[in-house]
Amino acid sequence: MAHIRIRMDWSSVNFDWNQARAFLITAEEGSLSAAARALGTTQPTLSRQVAALEEELGLTLFERVGKGIILTAAGTQLLEYAKQMGAAAGLFSLASSGQSQSLEGTVCISASEIDAMLRLPDIVKTIQRLEPCIQIEIVATNEPSDLKRREADIAIRSFRPTQGDLIAKKLGEERIWFFGSTDYLSQFEGMPPAEIFPRLKIIGFEQSERLIEAVKDSGWQIDKSNISIITASHLVHWQLVKEGMGLSLFPEEIAHKEKDLQIAIAELGPPMTLPLWLICHRELRTNPRVRRVFDILAENLFP
């Protein structure tokens, strides 16, 4: 049976990928201003790209409602195809990056705020000393970066990824303790834990119930009344604890570098233990500069 080859009619593809990308990011971010920040461009430029795509397709993709925008029915239908195009573009970029054999270029590392501030600087100094042609970009975020969409080349995380096309290396287990300033903890000297708990001030995260439940089994009998301040920022936690405003959870290896911070109620043991994972996309392991940075991180993050 003869093989029939179906050729793509490229003349029917009558839009620009940059315009389609502008539409995709605007839809995902929910506003032109947020999309412009995500793409590193200006809002007027992005607005022109979306308008040009609408004109080219003869469709209205967004409706302007007050100061915001919402997808039209046509925009909602096309969004699914734009997502597929975006995913394919990301894989294309990953594959092409994996083919590069040069040590010169940029490697992007995603890490939590606390890791980015207190772990990475010394390691980046080592990378620049060993490989001066590699430029390091650091994304400090407490949300997991999407490596498949090239939000970063390498990520430092406290959980193992589930995607099969990501390479993950477990570096060890971190002991997480409640730390407080020396001055703050001095008021509890000689007191048994049962008397300390009602008087403690804890700096919590947005979902404090999860924090309370997570440390309960280790003997920390705290409740909502102990939560005096709530913030999602790890850096704000760090500064508040240094200022004697209460306790917060930090990795032992990091917090012990700050001479004024001490473990609270050490006799109870660490309230929790978390794994430390180093992750990159499988395609990027064939890229020498990414592989080099990955290996240096693995050697120095959890010695």
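In this predicted model, helix H12 runs through residues 288-300 and holds 13 residues. From its first C-alpha to its last, H12 reaches 18 Å, close to the 18 Å expected at 1.5 Å a residue. At the start of this helix, a side-chain oxygen of Asn287 comes to within 3.1 Å of the backbone nitrogen of Arg289. Arg289 is itself among the buried residues of H12, together with Pro288, Val290, Val293, Phe294, Ile296, Leu297 and Ala298. What do these buried residues pack against? Their partners are strands S3 (105-111), S4 (134-140), S5 (154-157), S6 (166-181) and S11 (272-281), along with helix H6 (120-130).

Helix H1 (residues 17-29) can be checked in a similar way. Its 13 residues should span 18 Å at 1.5 Å a residue, and because the end C-alpha atoms lie 18 Å apart, the two values agree. Buried positions in H1 are Gln19, Ala20, Ala22, Phe23, Leu24, Ile25, Thr26 and Ala27. Just after H1 comes Gly30, with a positive phi of about 90°.

The next topic is a pair of packed helices. Such a pair is described by the angle between the two axes and the distance between them. For helix H2 (residues 32-39) and helix H3 (residues 43-57), the axes come within 9 Å and cross at roughly 105°. An angle of 65 to 115 degrees counts as roughly perpendicular, so H2 is roughly perpendicular to H3. On the H2 side, the contact is made by Leu32, Ser33, Ala35, Ala36 and Leu39, while H3 contributes Gln43, Leu46, Ser47 and Val50. Sorted by class, this contact has six nonpolar residues, three polar ones and no charged residues.

How values were computed: Residues are numbered from 1 along each chain as its sequence is written. This is a predicted model: local features need pLDDT of at least 70, side-chain atom pairs count only at pLDDT 80 or more; totals for chains, interfaces and linings use all residues. Side-chain values use heavy atoms; hydrogens and water are left out. Helices (H or I, at least four residues) and strands (E, at least two) are DSSP runs, numbered from the N terminus. The expected span of a helix is 1.5 Å times one less than its number of residues. Buried means under 20% relative accessible area, exposed over 50%, partly exposed in between (1.4 Å probe, protein chains only). Contact means heavy atoms within 4.5 Å. A polar contact is a pair of N or O atoms within 3.5 Å; within protein, one must be able to donate a hydrogen and the other to accept it, and residues adjacent in sequence count only if both atoms are side-chain atoms. Axes are lines fitted to C-alpha atoms, for helices over the stretch in contact, and angles run from 0 to 180 degrees between N-to-C directions. Angles under 35 degrees count as roughly parallel, over 145 as roughly antiparallel, 65 to 115 as roughly perpendicular and the rest as oblique. Ala, Val, Leu, Ile, Met, Phe, Trp, Tyr, Cys and Pro count as nonpolar, Asp, Glu, Lys and Arg as charged, and the others, Gly among them, as polar.
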